[in-house]
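Please read the points with the structure open.

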Amino acid sequence: MKQSNNPHLEKCRKLVRTHLDLQLFSSALFWADKAATLSHFDPRDVYQLASCMFLLKQYQRAVVLIKNKGLDKTDMLCYYMVLRCLVEAKDYTEAANIINSEINPTSCNVSLQQQDMKSHDGLTHFNVQSALFCIKGKIYEALDNRNFATDCYREALRNDVHCYDAFQALIQHQMLTSYEEQMLIQSLPWSNHPNDCITKPLYEVLLKKYQEPKLTGPFSQFDIPVELIMDNLDIQEAEAERHYYACAYKDCFQITESVLKQDPYHPDCLPIHIACLVELEKSNELFYLAHKLVDLQPDQAIAWFAVGCYYYLIGKRDQSRRYLGKATNLDNTFGPAWLAYGHSFAVENEHDQAMAAYFKASQLLKGCHLPLLYIGLECSLTNNIIMAQKYLKEALEMAPNDPFVLHELGVIAFQSHRYKEAESKFLEALERIKQIKQPIIANKWESLFNNLGHVYRKMKNYDKALEYHKQALVISPMNTSTLTCIGFVQSLNNNFRDAVDTFHKALGQKREDTFSSTMLTCVLDICIEDPPLFNDYSDEATELLKLELSKKPPKTNRLLKMNDDNDVILPFRNPNLRLWNRRLKKKSEDTSSNDPLEDISSNNPTENTSSNTNIEDTSSTHIGDSSSAMVIDSSSAADNSSINMDLSTNMSGNSDSFK
């Protein structure tokens with residue numbers, strides 16, 4: 001471009017740069033307009049003028065300016081500015097029309113490829129190419145064409161390995177599997193940057209979310225300066241995410257809390273921190289954080305996600321769905337909100353609605369195993385065992401060390417009567433939990449020990465079954481379900497005296513427990529038919545009576561065998577809901593009951609469940625231990641207040657209603 005010697009033009013350009021540095025955008029716009037006029041609308045000055053309009057959110061005005069001068073057809077930067085303004089104005093249809101007019105939508109316009117960038121200070125052809133691919137990726141992603149979006153982001157990184165916008169879109173939006181992420185890093189043209197020794201290690205640190213967290217000497221395997229390892233918040237957030245996927249929630253929370261003290265609105269750290277608050281049931285802290293985010297960032301999905309998680313944590317599912325729906329409306333690609341939205345339906349046994357939300361999350365979080373885990377769980381709860389096993393195996397391929405996936409596969413194997421396989425999966429999950437060494441985990445895995453007890457009972461190893469059931473009782477003392485399991489195993493093992501005591505304890509905890517009551521009657525009938533079993537001595541008459549009774553098995557003994565063979569103790573199951581995935585206490589919203597016994601029953605801690613899936617129970621579906629659980633009664637109808645069942649319903653809400 002021919003350089004102008006007009007002193008007034010140079011003065012105006014200098015004033016534009018000065019006021020842009022001072023964030024005085026209106027002043028910059030004023031002088032940029034004068035510079036463009038003096039230069040007879042030179043492409044560089046038009047781009048600068050459009051940039052000032054963009055900073056002032058005058059998006060359509062900038063588009064009209066560039067199109068009127070015809071620069072969207074001849075100048076790469078002006079073409080890029082048009083697309084970016086349309087994206088910010090959320091006019092994705094018009095942006096897509098512009099892209100679709102090209103020969104190859106996932107490449108750059110051929111007529112612009114040879115544009116000379118010397119007229120734009122500090123920019124190269126590859127920088128602008130990368131920016132164009134990046135903005136195209138955002139357009140395709142907004143239009144739910146994630147395959148094209150992924151290709152565009154990849155091309156953006158290949159043109160400019162330092163384009164973090166493209167890298168962040170691929171990683172934070174979980175658009176690639178772990179293997180694809182590794183292949184992408186290896187395929188980037190690092191040889192074009194021989195003096196850059198920090199970018200690749202940094203990307204590798206941010207990638208490996210399923211890699212084991214480095215509890216000592218973090219990131220020592222990466223060639224990263226010590227200052228970044230110790231002080232950089234992005235790296236600390238990456239370490240927190242690794243702890244989270246390793247189920248080390250307490251360590252994860254400590255890191256996220258430290259990060260947010262230094263940067264209270266760190267966008268990548270906030271979802272993990274909110275997830276940990278839900279996992280650790282810190283409702284007061286979540287309430288305060290949600291209020292703060294809504295006050296300061298009411299137009300951000302993360303704020304309403306926090307509000308929805310708070311209501312989810314305290315058991316108000318209608319309000320939870322309302323605000324989670326608002327979060328998805330603000331950002332339709334925000335995967336955590338879709339997962340939490342699905343959980344709000346799953347808590348009430350609304351399997352179809354839950355699966356619809358989980359499938360949407362699986363489309364958005366291609367590289368995350370959690371949606372597949374929950375789809376598999378819902379398939380299992382609807383007795384679609386084949387599909388459940390399919391999705392759970394896919395989740396296991398992504399996260400082979402996740403104890404939740406291993407546990408669910410063990411439950412599927414148990415339901416299919418493959419007891420050896422179930423034993424193997426449960427023991428593998430138990431070994432993984434022991435490696436975590438987190439005291440908070442102990443409260444979540446009562447059902448795993450009970451399930452191991454059920455497996456060994458089916459394999460007629462009653463001593464081991466009793467051992468694991470008693471370990472579950474240590475984790476969750478006086479749990480009705482566990483006491484019932486112990487009593488049943490004692491009955492099968494002909495230890496009727498202890499079985500009577502155990503069933504009495506279970507009925508003391510839950511007097512309406514039908515199975516315990518029935519089994520207690522059976523065991524007492526056996527004792528009446530065979531009274532010498534209660535004597536502490538033995539004589540010839542006793543031995544003769546035992547021999548006579550053994551010739552014809554009592555009716556009650558046959559009932560015990562039928563119960564065990566036909567699984568009268570019904571399955572109860574649920575995984576711990578991680579990150580946006582905790583199924584909480586199902587609190588009754590009807591407080592009008594005047595029956596004191598009903599009040600006692602509703603507050604009974606043994607009706608709670610933990611984060612895991614316990615295979616067997618009598619009449620209800622349990623989810624874990626008494627400290628962090630709920631009971632789902634499969635025979636009861638959904639909450640009458642749950643009237644919003646359509647995922648497409650437009651949720652709305654404001655901070656005034658969150659009180």
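Which helices each supply at least two residues of the lining of the largest cavity?

1. The model under review is predicted. In answer to the question above, α9 (164-172) and α13 (233-245) each supply at least two residues of that lining. Helix α9 gives the most, with five residues.

2. A search of the whole structure returns three cavities of 30 Å³ or more. The volume of the largest cavity is about 90 Å³.

3. The lining of the largest cavity consists of Y164, F167, Q168, I171, Q172, L206, D234, E237, A238, E241, H266 and D268. Sorted by class, this lining holds five nonpolar, three polar and four charged residues. Among the lining residues are D234, E237, E241 and D268, which count as charged.

4. A separate point concerns helices α16 (residues 283-296) and α17 (residues 301-313), whose axes come within 8 Å and cross at roughly 150°. Because angles over 145 degrees count as roughly antiparallel, α16 is roughly antiparallel to α17. The crossing of α16 and α17 is left-handed.

5. On the α16 side, the contact is made by S283, L286, F287, A290, L293 and V294. Helix α17 contributes I302, A303, W304, A306, V307, C309, Y310 and L313. The residues of this contact divide into 13 nonpolar, one polar and no charged; S283 of α16 takes part in the contact and falls in the polar class.

Technical notes
Residues are numbered from 1 along each chain as its sequence is written. This is a predicted model: local features need pLDDT of at least 70, side-chain atom pairs count only at pLDDT 80 or more; totals for chains, interfaces and linings use all residues. Side-chain values use heavy atoms; hydrogens and water are left out. On a 1 Å grid over the protein atoms alone, a cavity is a set of points where a 1.4 Å probe fits but cannot get out, and a pocket is an open set with protein on both sides within 12 Å along at least five of seven lines; lining residues have an atom within 4 Å of a point. Grid points are joined across faces, edges and corners, and a volume is the space filled by probe spheres set on the points. Helices (H or I, at least four residues) and strands (E, at least two) are DSSP runs, numbered from the N terminus. Axes are lines fitted to C-alpha atoms, for helices over the stretch in contact, and angles run from 0 to 180 degrees between N-to-C directions. Angles under 35 degrees count as roughly parallel, over 145 as roughly antiparallel, 65 to 115 as roughly perpendicular and the rest as oblique. A crossing is left-handed if the near helix is turned anticlockwise from the far one by less than a right angle, and right-handed if clockwise. Contact means heavy atoms within 4.5 Å.
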